[in-house]
Each structure stands twice: as structure tokens, then as C-alpha cells.
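Please keep the sequence and the model in view while going through the numbered points.

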Amino acid sequence: MLDRRQSSRGLGGLVNFWREVERLWRRSRKPAQPFWMANVNYRVGAVIALLLRSTPVSANWVTVAGLVVHVLGSVYAGVLKPPVSVPSALLVFAVWQLAFSLDCADGSLARERHETSTFGELLDRVVDFMAHASVITALAVFLARAHALTVVPAVLLTSFLIGSHLLLYFSHMLRNAIMGTVPPTVDPTSAWWLRAVFEHHKHLLDYGAFLLLSSLLLLVPSVLLLFLVTSGALSGLAALAQVALNWSRHARADKVGHRSTRRGT
């Protein structure tokens, strides 16, 4: 009888804990967020935040921990030699997913404790860039070794991958910081590729899914190369599309504002 009561209390505790996880997850996720990062990384991040809620660990230290785990996974991926074993690829997958989930947990923890700050946001952005760069660099090093690239092709590949993948994130972050988070409206008369890229570019921002595919494709270096080059090219197009979609709208707004100012004078 006692064992049944203890087990029911334990089960009830788990149910209550999961309800708290779901509450924090719904509070943390953003509208129209990409599937994997919203449903996996932010949910795991909510678990981490709840586990740390009553500890002295600050949200900023969770941010730094996410960077450390990112770099550890990147170092391991960078030194792997093909052919990569399934356990090694799964280890990279698990480490990178944990790293990004920690990155998702810091904001949830800060909001749960009412400790959000501009410095915390700045630290999070800087760490994001460093973490992204470490992952792309590790993948480029792995591909250079897997395809026996000489120095010049290896440098060109690394530069293209880092630049193209970080360009979309950088332009998206700056647009939100400078112009607000309201997405640009799509003009029906815009070029078809602009409309297509705008409608689907959010999937390129699913960093959790990117880490998932990149880690598992270590098993197939040729497919990994194709995936990274394609996603890099699409990221560059998406960044250009953001500029193009905002160009005419804000140019018209500036002209209207200029005319109103002249009339006022």
C-alpha cells in the first residue's frame, strides 16, 4: 500500500512538473517559430530552466554554458575522420542539441525570475554568433578533410559557409533591432523568387533542425557538402530578399515623410 502511494505521488509530481514545462514553453515560444526549435529545443530549454529556477545559477551563466557545449561539440566534430561511425554522429547530435537547448533556456530562466536585462540580450547575441561560427567552421574543417581539399579550396569553402550562413542570421537580427519585429508585407507584384524566399525563409532560421541534419550527415560527407552549400546559398538569397522587400516600402515611407516635412515648413 505504501509503495502504491509513493508511486502515485511520484507520478503526480512528474505530471505537475510537465505542466510547468508546458506553461513555460508556451510563454517562451514565439509565433510562427520554425518547427524543430519550437517543439524540441525550446521545450528542452523549458525543462532546463525549471530545473535551474531554484538554484543560484544565473541566466547569463546558462548562456555561457551553451557556448562552451557548442564549442566542445564543434571541436569533436572537427577532429572526426571519415568514415564517421553512427555513435560518433549521434554524440555530435546530442551535444549540439543540448547546447542550443541551453541557449533557449537562458531567456526562459531570466523571464521566470524577472531578471531580463539589456546586457543579457547583448551577451546572448554575441554568444549566438560565436556558437554559429564554431559549428560552421568545424563542419568546413571536416569537409576539407573528407574531400582531401587543398588549402585554397578549403579556405574558399570555409569563407563561403561562414559568411553565407551568418549573413541571414545577422541581417534578421539587425532588422528586428532597427526596424522592429513586424515582418515586411509582400507586394504581389514582387519577383516570384522574392515571394518564395520570403514565404519559406523561416525554415532556414530553424537552427535546431540545421544542427540535426548537419550532425547526422557527418555519416555521408558528400551529402553534407551539398546540404551546406545549398543552405548557404539560400541563406544569402533570403538575406537579399529581406533587403529587397523592405527597400521599396521604406523608400516610399521616407519620401512621404520628406514631403510632409517640406509642407510643414
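**Note on the predicted model**

1. The protein has an accessible surface of about 15,000 Å², and carbon and sulfur atoms hold 69% of it. Accessible areas come from the Shrake-Rupley method with a 1.4 Å probe, and for residues only the protein chains shown count as cover. The model is predicted, so that local features need pLDDT of at least 70 and side-chain atom pairs count only at pLDDT 80 or more, while totals for chains, interfaces and linings use all residues. Residues are numbered from 1 along each chain as its sequence is written, and side-chain values use heavy atoms, with hydrogens and water left out.

2. The protein contains nine helices and zero strands. Helices (H or I, at least four residues) and strands (E, at least two) are DSSP runs, numbered from the N terminus. Of the 265 residues, 40% count as buried; buried means under 20% relative accessible area, exposed over 50%, and partly exposed in between (1.4 Å probe, protein chains only). Among contacts with a separation of 6 or more, 81% are between residues 24 or more positions apart, where contact means heavy atoms within 4.5 Å.

3. Which residues touch the most other members of the largest nonpolar core? They are Leu139, Phe210, Leu218, Leu224 and Leu228, in a core of 42 residues. Helix 4 (86–113) is among the elements that give two or more residues to this core, and its 10 residues are the largest share. A nonpolar core is a set of buried Ala, Val, Leu, Ile, Met, Phe, Trp, Tyr and Cys residues joined through side-chain atoms within 4.5 Å. In soluble globular proteins, nonpolar side chains tend to be buried together. Leaving aside neighbours within four places in sequence, Leu224 is in contact with Leu139, Phe142, Leu143, Ser214, Leu217 and Leu218.

4. A search of the whole structure gives three aromatic pairs. In the pair Tyr207 and Phe210, the ring centres are 6.3 Å apart and the planes lie at 15°, so this pair is stacked. Rings of Phe, Tyr and Trp (its six-membered ring) pair if their centres lie within 6.5 Å; planes under 30 degrees apart count as stacked, over 60 as edge-to-face and the rest as tilted. Both residues belong to helix 8 (residues 207–216), three residues apart, about one turn of the helix. Tyr207 is buried at 8% relative accessibility, and Phe210 is buried at 11%. Phe100, Tyr207, Phe210 and Phe227 make up one aromatic cluster.

5. Not counting residues up to four places away in sequence, Ser28 touches Tyr42, Ser108 and Arg111.

6. Trp18 also has its place in helix 1, and at 42% relative accessibility Trp18 counts as partly exposed. Not counting residues up to four places away in sequence, Trp18 touches Arg43 and Val47. The charged end of Arg43 sits over the ring of Trp25, 3.8 Å from its centre; this requires NZ of Lys or CZ of Arg within 6 Å of the ring centre and within 35 degrees of the ring normal.
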